[in-house]
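User: I'm new to this one and would like to learn how to read it. Can you walk me through it step by step?

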Amino acid sequence: MSPNRTINNTPVHPIGLGCMNLSHAYGTPPDEQTAINFLHQAIDLGYNHFDTATLYGFGANETLVGKALKNHRSHIFLASKCGMGGVNGKRVIDGRPETLIHQADESLQRLQTDVIDLYYLHRWDKNVPIEESVGALSRLVEQGKIRAIGLSEVSADTLEKAHAVHPIAAVQTEYSLWTRNPEIAVLDKTRELGIAFVAFSPIARGFLGNLRDITALEEKDIRRPMPRFSAENYPANLQLRDQLQTLADKAGCTAAQLGLAWLMAQSDNILPIPGTTNPQHLADNIAAADLTIAADVLQQAGELINQHSVKGARYPAATQTEIDTEEF
């Protein structure tokens, strides 16, 4: 069994579960009972770090997670996010203190818990100083409603400003073989400050899984407008994926497992949270933490797929303006 990693001095399994897919963003989600059974399967497999957000399904995902996991609450690490939610059916970034405090109360209710282990600011609202947003979250810590504060998609500079107001326990940012932005500065900053780095989309939004036919994606799937999945770029990216498969075959694992193993090898403060609705992938993902893969194979994987070899930006231009992470 792989040794635990820590968030806010709490031991958790190195691989967590991103719950977004069960309600949001990647096509039609499973029905409620299927999703509840899936979350129970995750518990049985050893998952103990579950990640949700106010945004996902505009509250539906927190409700689902709360319903499925309330009887397991004492032995799981529960993370959610605020500062980005649904207003009249549209996604809105709002980091005003009163909004965050209101969203936290709603999150607690939906999650059927008295306290959230880790509560992230989902996006920095650039109209509100980061110090004000973090100040509001620090009051939630004082009130015992949340145990720790996290930040999502922030730069090293913003992290440092926030950390000066109240200790930040975790930074969550996209990180995978094909998204290396954290390597510019924020990953080093988390190491320096003793902060956990939670990697979302570690399987590259299905690219390292078995996603081949982008035309089969549903119309509302958030990957459709992403440049890397465009008809112009994806075929070239798939050639890289096929070469990675050859490496994975040699290592006796799946390409997705190789991607997760590569990620965990970059630093012992990194905790990937792959999301999936596929029971086999759920089992494969957590098993990646127990694999022993030769250092030269991991190195080859990193040299094969990186910011220089991948075609296309990670976000459309409009989305890019909403985030604070450093960009190549």
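This is a predicted model: local features need pLDDT of at least 70, side-chain atom pairs count only at pLDDT 80 or more; totals for chains, interfaces and linings use all residues.

User: What share of the 328 residues is buried?

Analyst: A residue is called buried when its relative accessible area is under 20%. Here, buried residues make up 58% of the 328.

User: And how do I judge the overall shape?

Analyst: Compare the radius of gyration with what a compact globule would have. With 328 residues that would be near 20 Å, and this protein has 19 Å, which agrees. The C-alpha trace spans about 50 × 40 × 40 Å along its principal axes, and the secondary structure comes to 11 helices and 12 strands.

User: How many aromatic pairs does the structure hold?

Analyst: Six. Ring planes under 30 degrees apart count as stacked. Take Trp178 and Phe207: their ring centres are 4.4 Å apart and their planes are at 5°, so this pair is stacked. Trp178 sits in the loop between β10 and α6, while Phe207 sits in the loop between β11 and α7, so the pair ties together parts that are 29 residues apart in sequence.

User: Which arginine lies over the face of tryptophan 178?

Analyst: That's Arg228, at 4.9 Å from the ring centre. Elsewhere, Arg223 lies over the face of Tyr26, at 4.3 Å from its ring centre.

Notes: Residues are numbered from 1 along each chain as its sequence is written. Side-chain values use heavy atoms; hydrogens and water are left out. Rings of Phe, Tyr and Trp (its six-membered ring) pair if their centres lie within 6.5 Å; planes under 30 degrees apart count as stacked, over 60 as edge-to-face and the rest as tilted. Helices (H or I, at least four residues) and strands (E, at least two) are DSSP runs, numbered from the N terminus. A charge sits over a ring if NZ of Lys or CZ of Arg is within 6 Å of the ring centre and within 35 degrees of the ring normal. The radius of gyration is taken over C-alpha atoms; the globule rule is 2.2 Å times the number of residues to the power 0.38. Buried means under 20% relative accessible area, exposed over 50%, partly exposed in between (1.4 Å probe, protein chains only).
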